[in-house]
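User: Please examine the structure shown below and answer a series of questions about its helices, its aromatic residues and the contact between its chains.

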Amino acid sequence: MAEEIRLSKKDRIAIWWRSTFLQGSWNYERMQNGGWVYAMIPAIKKLYKTKEEQKAALQRHLEFFNTHPYVASPILGVTLALEEERANGAEVDDAAIQGVKVGMMGPLAGVGDPVFWFTAKPIIGALAASLAMAGNILGPIIYFVVWNLLRMATMWYTQEFGYKAGSKITEDLSGGLLQDITKGASILGMFILGALVNRWVNITFTPIVSSVQLSEGAYIDWKNLPAGTEGIKTAFEQFAAGRALSEVQVTTLQDNLDMLIPGLAPLLLTLFCMWLLKKNVSPIVIILGLFVVGVVFHLLGIM
Amino acid sequence: MDLNLIQIILVLVVAFLAGVEGILDQFHFHQPIIACTLIGLVTGQLIPCLILGGTLQLIALGWANIGAAVAPDAALASVASAIILVLSGQGEAGVASSIAIAVPLAVAGLLLTILVRTIATGIVHIMDRAAVEGNIRKIEIWQWIAITLQGLRIAIPAALILIVGAGPVRALLEAMPAWLTDGLAIGGGMVVAVGYAMVINMMATREVWPFFAIGFVLATVSEITLVGLGIIGVSLALVYLALSKQGGSGSGGSGNIGDPIGDLIDNY
């Protein structure tokens, strides 16, 4: 062969864009294989000119493939490098290419799932949701922009990284940087989760524990306030001085619990849910169950 | 409230996008916070749908497609509940009952996803034959057909809800007694815990549990906003990483794999 065929940056951008649709024909037999071959098509067209070579390449890339959709990018990059070598006459057989794909998809899914699904998405989602629940339109905008920038940058740079590192990528991934990122992300994630469990799981117990008749002078004596604005002023002064609003002090079960630490019941509920999930109870069952509990406890006057 | 033709078309477009994204998981149009807001935007009920989206997003925090497992379907849950909220005309007051409707819908959506993923098995067999023929165009076309099916998975149910119309939907919602809607709202306050529990189960190790505790306690100080908590969290992570490196060989980093509270829960 006189001249070496190389994939241009434009080719690699086309493949990067197409990898967005990796899961489009996700199926129970070979999972992401259709999307994978769809992403590889620009490379196959560029690298192989004869019909026979193209047919072989298409069939080669319709084999089973499944990983986290974003970390498929470095695998794509490595595969591109291998296919390029092969098209230029190097001894890269089908088994080597399939081996690299299968060898990388498992460990990388193990990175992609915790980093994106269990850390980035809950954190961005929770922050954005808090804004949205307050009626702030910035919530969804921030979510959309941050998420897509993160995703697109990750996919492009890891694909390029894979392409350049070629078959050496698997070794590089065991290096320190990735571990640091994973660990740092899980520290931040757990910290935020602790805060969110406290703030956003709402459980309020309404039963009244005690009603105490307060002694005179401990509450605002509404009947004997001066008339007009002077009365309002006196009431505010007495309130600021710590007087109660009515002559009976009501303490609910929730008030008592809050004296231990606010958010105790949400914490216990979360731990209980973790236990149920570990016992393989379906999250859907738990969710529906909690709705039932909410209705029943409300009817019983507990919540 | 009734929608005009343009609004109906736009709602169906959003539903289609959400369905496509439900499988692709890329742009995240299917996430409640995006899908509900878009439906609110095209129907002129932005704020109630925005609040619905935020609330549903919290519930769906830990829903993820992992490996071959399929998560409850956020796409149908958010699209359908937002449409129902809009049609009911209840505004923000209808958010709690729409959420209660969303959860069963997430299960229904799950079944539809499984159906389409099974159909896609047939599609890749057509791709196999196209590959033998060397017909690149045909493979691309079938990839797009598969994606379109996923879009229709949400667009068709959305159209059905629109056809049934505001009347029955409103009647259904108004027929709900106060104890039921109040109770469901209370339940809604609790179901968020399930999402957190799923995420914690994935992330928790002996090493990171203390950070959960610190976050939990600091959250009781209501003056610290979430952004403030975020800054504290990042700082803690950086400090920890720096210190564990200084600790040098052995003692600090490696031996700490495990999840004591998780084990406790396991053994209980």
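User: Which residue with a positive phi follows α9(A)?
Analyst: This is a predicted model, in which local features need pLDDT of at least 70 and side-chain atom pairs count only at pLDDT 80 or more, while totals for chains, interfaces and linings use all residues; side-chain values use heavy atoms, without hydrogens and water. Residues are numbered from 1 along each chain as its sequence is written, with chains lettered from A in the order in which they are written. Helices (H or I, at least four residues) and strands (E, at least two) are DSSP runs, numbered from the N terminus. After α9(A) comes a residue with a phi near 100°, and that residue is A:Gly242.

User: How far apart are the end C-alpha atoms of helix α9 of chain A?
Analyst: The helix covers residues 228-240, which is 13 residues. The expected span of a helix is 1.5 Å times one less than its number of residues, so 18 Å should be found here. The model agrees with this, as the end C-alpha atoms are separated by 19 Å.

User: Within what arc do the buried residues of α9(A) fall?
Analyst: Buried means under 20% relative accessible area, exposed over 50%, and partly exposed in between (1.4 Å probe, protein chains only). In α9(A), the residues A:Gly231, A:Thr234, A:Ala235 and A:Gln238 are buried. The arc is taken from the directions from the helix axis to the C-beta atoms. The buried residues line one face of the helix, because seen down its axis they fall within an arc of 100°.

User: Which exposed residues does the face of α9(A) turned away from its buried side carry?
Analyst: The face in question is the one turned away from the buried side of the helix. Its exposed residues are A:Thr229, A:Phe236 and A:Ala240.

User: How is the pair of A:Phe21 and B:Trp144 classed?
Analyst: Rings of Phe, Tyr and Trp (its six-membered ring) pair if their centres lie within 6.5 Å; planes under 30 degrees apart count as stacked, over 60 as edge-to-face and the rest as tilted. There are 18 aromatic pairs over all chains. For A:Phe21 and B:Trp144, the ring centres are 4.9 Å apart and the planes lie at 55°, so the pair is tilted.

User: How is the pair of A:Tyr38 and B:Trp144 classed?
Analyst: B:Trp144 is partly exposed, at a relative accessible area of 37%, whereas A:Tyr38 is buried at 6%. The ring centres of A:Tyr38 and B:Trp144 are 6.2 Å apart and the planes stand at 85°, so the pair is edge-to-face.

User: Over the ring of which residue does the charged end of A:Arg18 sit?
Analyst: A charge sits over a ring if NZ of Lys or CZ of Arg is within 6 Å of the ring centre and within 35 degrees of the ring normal. The charged end of A:Arg18 is 4.4 Å from the centre of the ring, which belongs to A:Tyr38.

User: What area is buried between chain A and chain B?
Analyst: Contact means heavy atoms within 4.5 Å, and 104 residues of chain A are in contact with 111 residues of chain B. Buried area is the accessible area (1.4 Å probe) that two parts lose on being put together, summed over both. Carbon and sulfur atoms give 75% of the total, which is about 9800 Å².

User: What percentage of the residues of chain B count as buried?
Analyst: The secondary structure of chain B consists of 11 helices and 0 strands. Of its 268 residues, the buried share is 56%.
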